[in-house]
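This report describes a single protein chain, going from individual backbone positions to helix packing and the nonpolar cores. Please keep the sequence and the model in view while reading.

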Amino acid sequence: MSPRRSIAAVSAAVLTGGAALILSAPATVNAQESLSPPPAVDVDPAVLAAMERDLGLTTEEALDRLAAEDAALEIEFLAAASLGDEYAGTWITDDGAIAVAATVPFASTLDATGYESLVVDYSLAELETFSADVTAALDRLDGDEIHSWYVDLPGNSIAIVAPDAASAEKVADEAGLADGAWSLTVEADQPVPYQGTIRGGDAYNIAGQSRCSVGFSATHPTYGQGFVTAGHCRIGNGQITGGTGAGGQFRLSQFPGEDWAYVQAGSGWQTSPNVNRYDGTNVQVANGTEAAVGASVCRSGSTTGWYCGVIQAKGVSITYPEGTLTGMTRTSVCAQPGDSGGSYISGNSAQGITSGGAGNCPSGWTVYEPLNRALQRTGATLVTTGGTQPGFNMSVSPSSTNLNPGQSATVTVSTQTTSGSAQTVNLSVSGAPSGVQASLSPTQVTTGGTATLTVNVAASAASGTHTITVTAQGTVTRTATLTLVIGGGGGGETTWQTGTAYQVGAQVVYNGVQYRCTIAHTSQSTWTPDVTPALWARA
């Protein structure tokens with residue numbers, strides 16, 4: 001075990017126990033001293049009461065935590081932009097501190113204060129690749145050997161939840177994960193979607209057979225007023241036969257794979273920015289800003305009411321009897337059947353839609369469908385205290401590209417204002433596999449504008465199909481994906497073309513002869529491989 005691996009392992013163990021190990025000097029002031037509690041007027045007293053009850057905090061500790069959660073959003077953005085490929089994640093620790101991890105020491109390079117810095121083995125991009133490897137391994141095994149898997153930021157590993165150790169080891173071996181790259185949690189119970197047959201609270205009934213919970217009020221350009229909820233709640237003919245939205249209809253849904261739906265409400269129903277707190281009061285939704293890992297989050301559902309916990313991980317994959325879901329968010333909040341589709345909210349920011357999990361309240365864990373993905377997929381707009389939230393969509397064109405080792409390509413990233421005024425959004429890219437460099441220019445645009453995504457495939461890159469994700473962060477978060485196929489040209493070769501950027505190692509065919517690039521260059525019409533031996537060698 002290398003010295004750095006030893007340090008990282010100790011770091012993960014200590015963080016799990018609730019304290020942070022500072023591997024390089026923190027900022028000039030610590031996280032608690034550098035943050036001021038938000039003004040009391042901005043904090044809902046009932047939210048504080050729920051945090052005190054469910055997280056075991058005092059009022060002062062709850063205020064400090066909310067301040068840390070706000071600061072964590074800015075630090076997360078700065079850290080990801082500053083550290084690039086070495087960035088390994090940002091989260092809020094059990095004691096309310098902000099932790100930033102990277103694969104190199106960085107305290108003096110990040111233009112922020114109030115965080116703890118950790119040096120770990122794996123970058124966030126590497127961990128996301130490992131998670132994708134687990135997904136691919138399960139496809140090859142054609143089974144449901146494990147319950148769930150996700151990137152565990154504090155542990156700097158892939159967390160695997162399985163019925164037994166042997167099942168987890170089988171999948172980890174198939175995925176090619178090193179021993180230090182994954183951790184095991186054994187849970188006997190298979191997770192199931194939270195859907196029940198009894199009615200209660202802010203509920204709605206489907207096809208006269210089942211009951212779920214409303215997510216968030218929303219509007220749709222085609223279907224008008226309604227709400228977002230869980231896709232697995234759609235059964236039978238999808239009609240809403242009782243409760244909220246009665247007389248309405250499921251219009252758009254996805255399950256498994258993802259877990260979202262849009263329900264058109266029946267005649268006479270009106271949208272509002274309220275979420276039921278099950279104590280006679282409501283929480284009002286101000287926006288859909290996504291909270292950081294470690295942030296507090298509360299759930300509202302028609303079976304168990306109102307419970308709170310923390311966000312444990314994002315980009316979680318989970319296997320239900322019906323199939324596998326990806327891109328979910330895991331929390332320590334409990335839920336039970338009938339809570340499906342219900343609201344997750346952090347402070348006054350809407351977060352997601354209840355999907356499923358394991359355990360029964362007050363214990364257990366859950367995953368939710370990220371609200372911003374549900375809004376993007378359905379084309380719906382969240383209803384907030386400010387009315388219709390300013391919104392935008394994003395797309396990439398072309399949506400797929402086929403490159404051989406040594407080649408590059410550019411893709412256009414387009415943004416469109418869908419409601420309200422144009423806004424400035426920050427762009428980032430993730431998911432590039434080993435040997436592939438993906439970059440955006442510019443990294444900030446005003447909606448309605450475009451950016452360029454450049455993909456460079458090194459000569460050493462392995463063949464395969466990969467998903468590169470572009471994320472736009474504004475009042476909401478939007479994502480678009482590019483499917484990258486490496487080596488799809490047949491044996492790593494392609495026909496030589498003019499105006500193409502070739503890297504060392506690229507293989508082409510010209511007039512029936514195979515050539516290999518020896519000097520990186522952009523081809524010109526007179527530089528054909530047969531007359532430029534300085535650039536091309538016969539393969």
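## Backbone positions in loops

Ala207 is found in the loop that joins strand S8 to strand S9 (210-213), where helices (H or I, at least four residues) and strands (E, at least two) are DSSP runs numbered from the N terminus. Although Ala207 is not a glycine, its phi is positive, at about 55 degrees. The model is a predicted one, in which local features need pLDDT of at least 70 and side-chain atom pairs count only at pLDDT 80 or more, while totals for chains, interfaces and linings use all residues. Residues are numbered from 1 along each chain as its sequence is written, and side-chain values use heavy atoms, with hydrogens and water left out.

Asn156, likewise not a glycine, has a positive phi of about 50 degrees and is found in the loop between strand S4 (148-152) and S5. At 3% relative accessibility Asn156 counts as buried, a term that means under 20% relative accessible area, with exposed being over 50% and partly exposed in between (1.4 Å probe, protein chains only). Leaving aside neighbours within four places in sequence, Asn156 is in contact with Ala88, Val120, Asp121, Tyr122, Leu127 and Gly180, contact meaning heavy atoms within 4.5 Å. The C-alpha atoms of Asn156 and Trp182, which lie 26 residues apart along the chain, are separated by 8.3 Å.

Two cis peptide bonds also belong to loops. The bond from Ser397 to Pro398 is cis, with omega near 0 degrees, and Pro398 has its place in the loop between strand S25 (391-397) and strand S26 (400-403). The bond from Ser441 to Pro442 is cis as well, with omega near -10 degrees, and Pro442 is in the loop between strand S29 (436-441) and strand S30 (444-446).

## The chain as a whole

The protein chain has seven helices and 39 strands, and buried residues make up 51% of its 539 residues. Among contacts between residues at least 6 apart in sequence, 60% join residues at least 24 apart.

## Helices H5 and H6

The axes of helix H5 (residues 124-141) and helix H6 (residues 165-175) come within 8 Å and cross at roughly 105 degrees; these axes are lines fitted to C-alpha atoms, for helices over the stretch in contact, and the angles run from 0 to 180 degrees between N-to-C directions. H5 and H6 are therefore roughly perpendicular to each other, the class for angles of 65 to 115 degrees, with under 35 counting as roughly parallel, over 145 as roughly antiparallel and the rest as oblique. On the H5 side, Asp133, Val134, Ala137, Leu138, Arg140 and Leu141 meet Lys170, Val171, Glu174 and Ala175 of H6. By class, this contact has six nonpolar, no polar and four charged residues.

The buried residues of H6 are Ser167, Ala168, Val171, Ala172 and Ala175. They cover an arc of only 130 degrees around the axis, which puts them on the same side of H6; the arc is that of the directions from the helix axis to the C-beta atoms. What covers these buried residues includes H5, strand S5 (157-162) and strand S6 (182-186). On the other side of H6, Ala166 and Asp173 are exposed.

A nonpolar core is a set of buried Ala, Val, Leu, Ile, Met, Phe, Trp, Tyr and Cys residues joined through side-chain atoms within 4.5 Å. Of the 32 residues in the largest such core, Tyr204, Phe216, Val228, Phe250 and Trp306 touch the most other members. The elements that give two or more residues to this core include strand S8 (203-206), strand S10 (216-220), strand S14 (260-264) and helix H7 (371-378), and the largest share, four residues, comes from S14. Apart from this core lies another, of 27 residues, among them Val120, Val134, Val151 and Val171.

H7 is mostly covered, since seven of its eight residues are buried, namely Leu371, Asn372, Arg373, Ala374, Leu375, Gln376 and Thr378. Just after H7, Gly379 takes a positive phi of about 80 degrees.

Conventions
Ala, Val, Leu, Ile, Met, Phe, Trp, Tyr, Cys and Pro count as nonpolar, Asp, Glu, Lys and Arg as charged, and the others, Gly among them, as polar.
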